[in-house]
Amino acid sequence: MAEKLYLYPKWVRLWHALNAIFILLLIITGISMQFSKPEFGFIRFDIAVSIHNIAGMLLTANYLLFLTGNFFTSNGKYYKLTLKGLFQRLTKQFIYYTIGIFRHEKPPFPVTKERKFNPLQQFTYVAAMYVLVPIVFITGWALLYPEVLFTKVLGASGLKVNDFIHVIVGFFLSFFLFVHVYFCTIGATFVSNFKSMITGYHESH
Amino acid sequence: MHKNLFPLSNVITKGMTVMVFFLLITSFQLDDKTKKTFKNAESNEFCFKCHGQSKYSYNNTESGHHVFKKMYSEAIVDRDLFYESNHRQFKCTDCHPEDYDTFPHPGRLRMETKYLCIDCHGGDPKYAKFNFEKIESEFQESVHSTKHSQDFTCWMCHNPHTYKISTRSQEKIKDIVAYDNAICLNCHADITKYQLLTDKVIPNIVRKHEWLPNQALHFKNVRCIECHAMVNDSILVGHNIKPKSKAVKRCVECHSTNSLLMASLYKFKVQEGRSKAGFYNGVIMNESYVIGANRNYYLGILSLLMFGFVFAGIAIHATMRIIKRKNNG
Ligand code: HEM
């Protein structure tokens with residue numbers, strides 16, 4: 001009964017799987033470093049540093065795959081935010097998620113070939129992929145090579161500000177991850193969206 | 001045309017005048033600094049005449065020639081560094097025998113016994129806050145003292161002619177680090193000095209510390225003694241250098257809110273109460289960044305709260321979904 005749409009091409013699935021692995025590693029090691037204590041070693045500090053650095057570099061490389069893919073394929077169009085009426089659309093989707101869904105109303109923005117993401121999805125994906133992730137890896141690289149950026153370009157004090165941004169944006173990305181994974185359970189069935197990300201086909205209600 | 005040129009030349013003349021005045025004033029101050037501020041500067045000049053630079057000259061009474069000789073580097077005392085050092089108010093002969101006033105200096109002066117820090121600073125209430133007695137006993141326990149002969153004295157690290165207290169001054173932490181690490185590297189990176197005390201080959205510091213991530217950054221921001229000396233509460237700078245097997249190697253000793261650095265490198269600034277409210281470790285926040293030690297208390301609470309809200313939101317939504325599904329089911 002479920003009609004199937006091919007929405008997630010191979011490269012998207014590959015990018016996404018790698019991205020999820022790297023981000024998870026980064027969050028876990030990042031939290032471990034931020035809350036390191038001598039008596040309680042979640043992940044040994046130097047190991048956490050190495051994993052975090054390597055995962056960060058791979059994440060950046062993988063991000064280039066995402067950018068290139070969205071630039072050269074039609075997947076990019078799903079990330080074009082239309083500002084006009086954006087707020088109304090976001091509110092409509094929000095109301096659906098908080099009220100309508102429990103009344104078994106029809107989703108206001110059903111998934112089609114032209115509209116892979118509902119407004120809230122689109123907004124958070126654009127924010128995560130075009131704002132938060134770039135900020136986090138740029139500030140991350142800056143922390144890896146502080147002597148280049150901070151002593152030569154900005155003066156040493158920039159390091160703290162940079163790190164603050166890195167940590168705070170990292171935090172927001174962890175929020176994004178939890179909310180994202182939770183909302184992925186809202187599909188035709190509890191797991192159908194996860195299946196889509198493996199098979200490439202979207203199952204609609 | 002003329003109108004345009006006139007103000008330009010005017011500016012140049014004015015600039016020149018200011019510059020000449022500036023030079024006059026600063027040169028006057030230099031003079032002032034050595035001659036007036038330091039009461040012994042004039043009598044010290046008698047020694048500095050020969051020991052103040054890399055060459056000296058004298059009249060050879062045998063040949064009648066005026067000869068120039070090279071002063072060997074250990075015997076050179078840099079005037080500028082001396083007059084900036086902690087001992088700047090001293091007369092050379094406060095510490096060295098008066099007999100040096102003849103040239104050539106009498107041969108027996110080679111055997112002169114030199115004062116050590118404790119000889120002047122020990123038991124003096126004026127220096128009580130520095131706790132020189134404790135420094136002395138810590139030093140006696142350190143590898144520098146136990147592994148080496150009597151030749152290893154305070155002067156090995158603290159040149160009495162140039163030594164300037166750095167930790168207690170208002171200097172930037174980075175400068176303190178550079179100054180203090182230079183003291184260690186003076187021997188540990190110089191084979192000839194190192195081998196004055198031992199026949200061993202100098203260990204390659206960079207290679208020995210290869211395990212340390214971001215080595216260059218660590219070397220610029222923390223002192224060698226942070227990991228190699230025992231922290232002691234009654235003195236500001238630990239002098240008990242431990243054998244290498246006892247050096248700190250666990251990252252979290254510094255990279256945690258209870259950072260070791262608070263008892264060593266940042267101790268003085270912490271004691272001075274310069275930390276800002278809201279940050280566990282204000283000094284670290286102000287002057288350097290140590291992963292795991294810079295935590296903002298409020299930010300921590302805020303992020304926990306936000307996590308709480310996110311989880312609560314998800315939990316409520318999920319429960320509602322389950323309930324509603326059952327009701328309809
Ligand atoms: C364990 C971790 C993750 C799981 C299980 C997961 C799951 C999913 C699923 C099921 C979808 C398809 C549904 C949809 O299009 O909304 C999806 C899409 C997406 N996810 Fe994730 N995700 C994870 C981590 C991440 C992370 C860390 C990011 C970004 C930082 C991310 C960004 C995205 C984006 C941008 C899409 C849309 C991709 C496209 O079709 O162009 N995901 N995710």
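H104(A) sits in the loop between α3 (86-98) and α4 of chain A, in what is a predicted model. Its backbone deserves a look, for the phi of H104(A) is near 55°, a positive value in a residue that is not glycine.

α2(A) and α4(A) pack with their axes 10 Å apart, at an angle of about 140°. That angle makes α2(A) oblique to α4(A), and the crossing of the two helices is left-handed. On the side of α2(A), the residues that take part are N53(A), M57(A), L59(A), T60(A), Y63(A), F66(A), L67(A) and N70(A), and they meet M129(A), Y130(A), V133(A), P134(A), F137(A), W141(A) and L144(A) of α4(A). Sorted by class, the residues of this contact comprise 12 nonpolar and three polar, with no charged residue.

Several of these names return when one turns to the interior. In soluble globular proteins, nonpolar side chains tend to be buried together. The largest nonpolar core here has 28 residues, and those that touch the most other members are L59(A), Y63(A), F66(A), Y79(A), M129(A), V133(A) and L173(A). At least two residues of this core come from each of α1 (10-34), α2 (45-72), α4 (119-144) and α6 (158-184) of chain A, while α4(A) gives the most, with eight residues. M129(A) shows how such a residue is placed: apart from its neighbours within four places in sequence, M129(A) is in contact with W15(A), Y63(A), F66(A) and P134(A). Another core, of 11 residues, lies apart from the largest one, and its members include Y96(A) and F171(A) as well as F307(B) and I314(B).

Returning to chain A, a further helix pair can be set beside the one already described. α1(A) packs with helix α7 (residues 192-199) of chain A at an angle of about 115°, and their axes are 8 Å apart; that angle makes α1(A) roughly perpendicular to α7(A). Here V12(A), R13(A) and H16(A) of α1(A) meet S196(A), M197(A), I198(A) and T199(A) of α7(A), and this contact has three nonpolar, three polar and one charged residues.

Of the contacts in chain B with a separation of 6 or more, 53% are between residues 24 or more positions apart.

A cis peptide bond, with omega of about -10°, joins F103(B) to P104(B), and P104(B) lies in the loop between α4 (92-95) and α5 (117-121) of chain B. Further along, N131(B) is placed in the loop between α5 and α6 (132-141) of chain B. Although N131(B) is not a glycine, its phi is positive, at about 55°.

Definitions and conventions:
Residues numbered from 1 in each chain as written. Chains lettered and ligands numbered in written order. Predicted model: local features only at pLDDT ≥ 70, side-chain atom pairs only at ≥ 80, totals over all residues. Heavy atoms only, no water. Core = buried A, V, L, I, M, F, W, Y, C linked by side-chain atoms within 4.5 Å. Buried < 20%, exposed > 50% of the residue type's maximum accessible area, 1.4 Å probe, protein only. Helix = DSSP H or I, 4+ residues; strand = E, 2+ residues; numbered from the N terminus. Contact = heavy atoms within 4.5 Å. Axes fitted to C-alpha atoms, helices over the stretch in contact; angles between N-to-C directions. Parallel < 35°, antiparallel > 145°, perpendicular 65-115°, else oblique. Left-handed = near helix turned anticlockwise from the far one by under 90°. Nonpolar A, V, L, I, M, F, W, Y, C, P; charged D, E, K, R; others polar.
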